Amino acid sequence: MGWSRVELPILPTTVIGSYPRPKWLREFIKGYREGKYKEDQLKEAFNDAVIAVVHDQESVGIDIPTDGEQRRDEMVEYFAERIEGFVFYGPVRVWGNNYFRKPAVVTKLRYKGPIVVNEYLFLRRVSKAKVVKVTITGPYTIADWSFNEYYRSKDELASELAKIINIEIKKLEEAGALYVQIDEPALTTHPDEMDWAVDIINEVVKGINIKIGLHVCYSNYRVLKPYFDELKVSQLALEFANRGFRDLKLLKNLNKELGFGVIDVHSRMIEKPNDIIKAINKVLRYIEPECLYINPDCGLKLLPRAIAKKKLEVMVESVKHLRKKLANKGLINIVLRRNTVCP
């Protein structure tokens, strides 16, 4: 399927990617690991969970849903399991009592076949939305969060991953996907690596003709700002609620779309509509409304499901209030963009 013109309401609402797994799915996964259920039963459970969380998003009015990453335990592990050349030695403690199955690269990496294409196809079948979003962990973050036991350097490893992820995004494009988000939470953690890290991200999107967003959160945006123009993506999705909407001035002269984080995913407190409205009005001093998307700071998976849904409901309510005012200025719809400059 080729690129098609798709209209969205002004200030489109979306989620970043993950959404809380239903309690019954968590219990089912535990039972599967204990040998109580078969593979086909687990697949059915994942499909049912996707249907449930897509309904959660669409029922509160989210314009661009995801599948909530229901099939993914962890953002790096999921991709490493599906790329030839990785092995897992065991869990690594990251903080407190939280552990991460950190992958190790032991041989040349190879693309084994589609990684998330089937996820997209199922999401597209069950969603009523005009546009759905597919999320992919970026090559820099995978490289940064893995042991490198094969390649001469981290940038060589990341470059190899970029080629593999580029293949996957092209497969998604062939399948009809219109919007892919690359998640790079590690991007600014090593400022001295930014020059080549940005080149790696641009390698990922080479030859891609669909909308590409880049999500970076809990980062030093002063490190990222010098590279705004160099990044060949359509949108930057950035976290702002958790930092109390500081650093907005860094967005001055941003010539891309902004995915504006207005929901603090690390707090169970439900935001107040007036606070979200005020925050969006502040960012509109720097970003044209035609270039602004509204989303939570990051994935919602660590929140209770009812709280996550209520937070999204308040976010949508706030946006609807602003849309009425923008409509008075003749701003009602925007077109889904794939170009790297906005407007």
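1. Lys 133 is placed in the loop that runs between helix 4 (117-126) and strand 4 (134-137); helices (H or I, at least four residues) and strands (E, at least two) are DSSP runs, numbered from the N terminus. The model is a predicted one, in which local features need pLDDT of at least 70 and side-chain atom pairs count only at pLDDT 80 or more, while totals for chains, interfaces and linings use all residues. Residues are numbered from 1 along each chain as its sequence is written, and side-chain values use heavy atoms, with hydrogens and water left out.

2. Lys 133 is buried but has no salt bridge, and the nearest side chain of opposite charge, Asp 183, is 7.2 Å away. Buried denotes under 20% relative accessible area, exposed over 50%, and partly exposed the range in between (1.4 Å probe, protein chains only). A salt bridge requires a side-chain nitrogen of Lys or Arg within 4 Å of a carboxyl oxygen of Asp or Glu. For charge, Lys and Arg count as positive and Asp and Glu as negative; His and the chain ends are not counted.

3. The side chain of Lys 133 does reach the backbone oxygen of Val 15, at 2.8 Å. Residues touched by Lys 133 (heavy atoms within 4.5 Å) include Val 15, Ile 64, Leu 123 and Tyr 179, not counting residues up to four places away in sequence.

4. Glu 7 pairs with Arg 5 in a salt bridge at 3.5 Å; here Glu 7 is partly exposed at 35% relative accessible area, whereas Arg 5 is exposed at 63%. A network of salt bridges links Glu 77, Glu 81, Arg 82 and Arg 101.

5. One disulfide (cysteine sulfur atoms within 2.5 Å) is found in a search of the whole structure. It is formed by Cys 291 and Cys 342, whose sulfur atoms are 2.0 Å apart. Cys 291 lies in the loop between helix 9 (273-283) and strand 10 (292-295) and Cys 342 in the segment after strand 11 (333-335), so the pair ties together parts 51 residues apart in sequence. The link is left-handed, with -95° about the S-S bond.

6. Cys 217 is buried at 6% relative accessible area, and Cys 298 is buried at 18%.

Conventions. A polar contact is a pair of N or O atoms within 3.5 Å; within protein, one must be able to donate a hydrogen and the other to accept it, and residues adjacent in sequence count only if both atoms are side-chain atoms.
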